[in-house]
Amino acid sequence: MSDETGPEALEAGKTLRLLIADDDPADLELCLLSLRKAGIPFEAVSVSTREEFVAKLEHGEFDLVLSDYRMKGWTGMDALAAVIETHPETPFILLTGTLGDELAVECIKLGVTDYILKDHLARLPIAIRRSLEDRGLREARNKAALALRESEERYRTLVENAPEAIVVLDVDENRFVDCNERATLLFGFTRQELLGSSPSRISSANQPDGRPSDSAASEHVRRALGGKARSFEWSCRNSRGEEFPAEVHLVRLPSPSRRLVRGSILDITERWRAEKARRETEARYRSLVDNATHGIVWASEPEGELLHVNPALAEMLGYASPAELLAIQHCDLLYRNPPDRARLAAEFMKQGRVEGTVEWKRKDGKIITVHLNARLAMDPDGQSECAEVTVENVTERIGLEKQLLRAQKFEGIGQLAGGIAHDFNNMIGAILGWAELGIDETDAESRLRRHLEKIQQQGKRAAALTRQLLAFARRQILEPRNVDLNQTAVETLSLLEKVIGGNIEVRANLAPDLWVVRADPTQVEQVLMNLCINSRDAMPDGGSLLIDTTNVTLDQEFCAWQPQAQPGKYAVLSVTDTGMGMDSATMDRIFEPFFTTKGLGKGTGLGLATVYGIVRQHGGFLNVYSEVGKGTTFRCYFPASMEVAAPREKVEDAGPVRGGSETILIVEDHEGLGQLALETLTRLGYQVMLATDGEQAVADFCANPDRIALAVLDVVLPKLGGPEIYARIRELRPELPVIFATGYSPEIAQLQKVQEEGLPVLQKPYSPRDLARKVREMLDLHSPVGSQK
Ligand SMILES: Nc1ncnc2c1ncn2[C@@H]1O[C@H](COP(=O)(O)OP(=O)(O)OP(=O)(O)O)[C@@H](O)[C@H]1O
Ligand SMILES: [Mg+2]
């Protein structure tokens, strides 16, 4: 028996703390003895009164209480009450002499753990052991219950505070059996309403993929039951019938008796909205980039790898699509001069931005000038930093600027050249005139005659040069009439045969219904000659030369990049050769006077300057296209006049000149020319009055209004110009014949009026013979037949 009640029944090494209530010392001794005998290690505190008992109970921690039933002034039941009140877990064993069965049952009911009859004290150790075991079990059970409560509490808190709505679905009953508060808020149902509902109550009838909710939901649930957690987007509906997108996560819940699936539901309306806004922003941005008029390229720096380009850039560079352009992969290939790129890239790496104008190559090899503006940006995928470069094609603008600059420069040069040429013209006129008079007076065989002829020869060359300068300066006197350029071309072609070598094939392609232009045919001939001679020079080894004419109507758009052009109808005269062509540096300068590539003594560089001046003076403009090694086309645009071409008059043959005795008034401010005219006409028998300025001329005339038979008036004069003098003279002698002499036409408008009136113009420098012939012609025209000498 002692084996059963041995110390092993108690916790090893633990001393049992006992509180013993007994007022009989002998009984107490017996009790302690039996415990010692059973080998139970213990410490006992014994009390005999109720007050002592309560005090000990209050201050000590006891594993067990032993109490007699009947004591002086109190009973074991009083002790039990005190224990239950303060230490309800502590086992309580009643020791008693006698206890009837009824009382025993009553005591057990009240909470006594066990009772021992004093004559059966041997049972005490067993009772102690069992009650301690009971207490241990009870405590363990309590702990487990508490832990369970705690865990449940924690779980509930977790679920209730989750950001998602959570529902638990009983699959077999197809209804929710649990939910958190978030779920009631999200769907607008009470907990009671939600529990017992099926998933269809919180779903839109149809899902975004078009499937009915019921079948879609049962498929998701089936899969979740299969053990695979599932996430998917779901279209939900709340109690007010409003639909909203959600992200649902399903997972099977472990349960032995039921098939449960937990669903967590997250409202993603905001996410959708943000995503939609992002997509819209992106689309807007993309459309901006795609429809930009400027090119845009994103490139990694400093590597220069092309990351993205917009359609405008592909088009600017002649590629069919951005993808085709991207395929070249590297920026380097776009640059005409790769060092340009190195320079810009270095600057960009230093500053994070760079700007510059460079030349790029198109797919077809054409060179364009572009203005680049680069800044640091994210690449289109938002992955890393790169250079974002806007590209503006400024080729046309730069071309226009160049043209404008050239026009301004020419204006300046023209003014200068015109001024000089005007003075030269008069001097050369005098030199030539005197030489001619000298020649007339000398013997044909004499040395002096030969010397004078040399002077005349050189003078003529100087006059030709001056004429070209005047042409460039647009200060020639034009004799415009309605001209058919085809006729001019045909006439020039016959002259060309003499100057163009046999190894060049000359062809003409003339428009049959070419519009008539208002032009001076001699000048147009000059234009054509100069162009053809240049073409000849450009084809030293032969080739072909094409002269063609055509009608064109120019619109505003064309004129926008050809600043000298005005919209309207034009007859175009073109010369095309298959010669050596020109590079752009040469092209930039060809119209400058004295610009030539032909070497000393070969070209004067006035050919194209003359062409330019003549065409411009006719209100037209030029267009040149040339490719090195292939050939050149010059196009001359003359404004169409829409009238009928006049047949060209034959110039009279130079016969001997007759003189006369009439009185002639000559007004000329250039001394050399004035003297020459005086000498020339006096020799022929005329009476000559010479005035050197306008006022003197008018005074002279008024002094002898009836004597004077003809006036030769210089157009530009000090004080009063030729046209003004003419106006005064006319008041006195309306029928008096006059001849205007002029070397250039700064006041073209004035002169045009004179020409319109059909008054004759004598172009300077004139030879004595020209003057004498014109004078006789006018006198004859105005005097009655028979009065001629
Ligand atoms: N058809 C052409 N093909 C190639 N180069 C040309 C052509 N026409 C003109 N050029 C170039 O333009 C330059 C200027 O021409 P321009 O007619 O003004 O002077 P030039 O022919 O050199 O001399 P000039 O005509 O006064 O005898 C030429 O030297 C030549 O370099
Ligand atoms: Mg030339």
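Which residues are closest to ligand 1? They are Asn 534, Thr 596, Thr 597, Lys 598 and Thr 604, among the 19 residues that surround ligand 1, where a residue is near a molecule or strand if one of its heavy atoms lies within 4 Å of it. The model is predicted: local features need pLDDT of at least 70 and side-chain atom pairs count only at pLDDT 80 or more, while totals for chains, interfaces and linings use all residues. Residues are numbered from 1 along each chain as its sequence is written, chains are lettered from A and ligands numbered from 1 in the order in which they are written, and side-chain values use heavy atoms, with hydrogens and water left out.

**Figure 1. Contacts of ligand 1.** A polar side-chain atom of Thr 597 lies 2.4 Å from an oxygen atom of ligand 1. Backbone atoms also take part: a backbone N or O atom of Gly 605 lies 2.8 Å from an oxygen atom of ligand 1, and for Leu 606 a backbone N or O atom is likewise 2.8 Å from a ligand oxygen. A polar contact is a pair of N or O atoms within 3.5 Å; within protein, one must be able to donate a hydrogen and the other to accept it, and residues adjacent in sequence count only if both atoms are side-chain atoms.

Figure 2. Helices (H or I, at least four residues) and strands (E, at least two) are DSSP runs, numbered from the N terminus. Helix 16 covers residues 521–538 and reaches 26 Å from its first C-alpha to its last, close to the expected 26 Å; the expected span is 1.5 Å times one less than the number of residues. At its start, a side-chain oxygen of Asp 520 comes to within 3.1 Å of the backbone nitrogen of Thr 522. Glu 525 belongs to helix 16 and counts as buried because its relative accessibility is 15%; buried means under 20% relative accessible area, exposed over 50%, and partly exposed in between (1.4 Å probe, protein chains only). Between Glu 525 and Leu 493 the C-alpha distance is 9.7 Å, although they are 32 residues apart in sequence.

**Figure 3. Asp 114 in strand 7.** Asp 114 is found in strand 7 (residues 114–117). With 11% relative accessibility, Asp 114 is classed as buried. Its side chain makes a polar contact of 3.4 Å with the side chain of Arg 123.

**Figure 4. A cis peptide bond.** Glu 301 and Pro 302 are joined by a cis peptide bond, with omega about 5°. Pro 302 lies in the loop between strand 13 and strand 14 (305–309). Most residues other than glycine have a negative phi, and most peptide bonds are trans.

**Figure 5. Two residues with positive phi.** Gln 329 has a phi near 70°, a positive value in a residue other than glycine. Gln 329 sits in the loop between helix 11 (322–326) and helix 12, and counts as exposed because its relative accessibility is 55%. Phe 594, which is not a glycine, also has a positive phi, of about 70°. Phe 594 is in the loop between helix 18 and helix 19 and, at 51% relative accessibility, is exposed.
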